[in-house]
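Please read this short report alongside the sequence and the coordinates.

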Amino acid sequence: MANTDYRSLGELFYLYVQKVAKITFDYSMKLIMVALLSTVEEFFLMNEQMTKFIQQFIDNLPEYLKELLKACAKEMAAA
């Protein structure tokens, strides 16, 4: 039987939890939107089609997500 120190697994868990806790909802939304826009760019060759798609997507979101998305867009534009 291998010599295993289970205490190190606990420390690893707490380090992971601390890292995950730093990922905020806003940051998560930003990552999702960047991934979505990158994917959309691959499928839509015309800028007009992409603009319509994105607007329809935003229109279908709940109001609280629309507000968060606006905040993310402002942050991304400033970066």
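The sections below take these topics in turn.

## Model and confidence

This is a predicted model. The mean pLDDT over the chain is 76, and 82% of the residues reach at least 70. Helix H3, residues 47-59, has the highest confidence, with a mean of 82. Confidence is lowest in helix H1, residues 7-21, where the mean is 71.

Where pLDDT is low, predicted coordinates should not be read in detail.

## Largest nonpolar core

Six residues form the largest nonpolar core: Met29, Met33, Leu61, Leu65, Leu69 and Cys72. Two elements, helix H2 (25-43) and helix H4 (63-78), each supply two or more of these residues. H4 gives the most, with three residues.

In soluble globular proteins, nonpolar side chains tend to be buried together.

## Packing of H2 and H3

Two packed helices are described by the angle between their axes and the distance between the axes. For H2 and H3, the axes come within 10 Å and cross at roughly 145°. The crossing is right-handed.

On the H2 side, the contact is made by Met33, Leu36, Leu37, Val40 and Glu41; H3 contributes Met50, Phe53, Ile54 and Phe57. By class, the contact has eight nonpolar residues, one charged residue and no polar ones. Met33 of H2 takes part in this contact and also belongs to the largest nonpolar core.

Notes:
Residues are numbered from 1 along each chain as its sequence is written. This is a predicted model: local features need pLDDT of at least 70, side-chain atom pairs count only at pLDDT 80 or more; totals for chains, interfaces and linings use all residues. Side-chain values use heavy atoms; hydrogens and water are left out. A nonpolar core is a set of buried Ala, Val, Leu, Ile, Met, Phe, Trp, Tyr and Cys residues joined through side-chain atoms within 4.5 Å. Buried means under 20% relative accessible area, exposed over 50%, partly exposed in between (1.4 Å probe, protein chains only). Helices (H or I, at least four residues) and strands (E, at least two) are DSSP runs, numbered from the N terminus. pLDDT is the predictor's confidence in each residue, from 0 to 100. Axes are lines fitted to C-alpha atoms, for helices over the stretch in contact, and angles run from 0 to 180 degrees between N-to-C directions. A crossing is left-handed if the near helix is turned anticlockwise from the far one by less than a right angle, and right-handed if clockwise. Contact means heavy atoms within 4.5 Å. Ala, Val, Leu, Ile, Met, Phe, Trp, Tyr, Cys and Pro count as nonpolar, Asp, Glu, Lys and Arg as charged, and the others, Gly among them, as polar.
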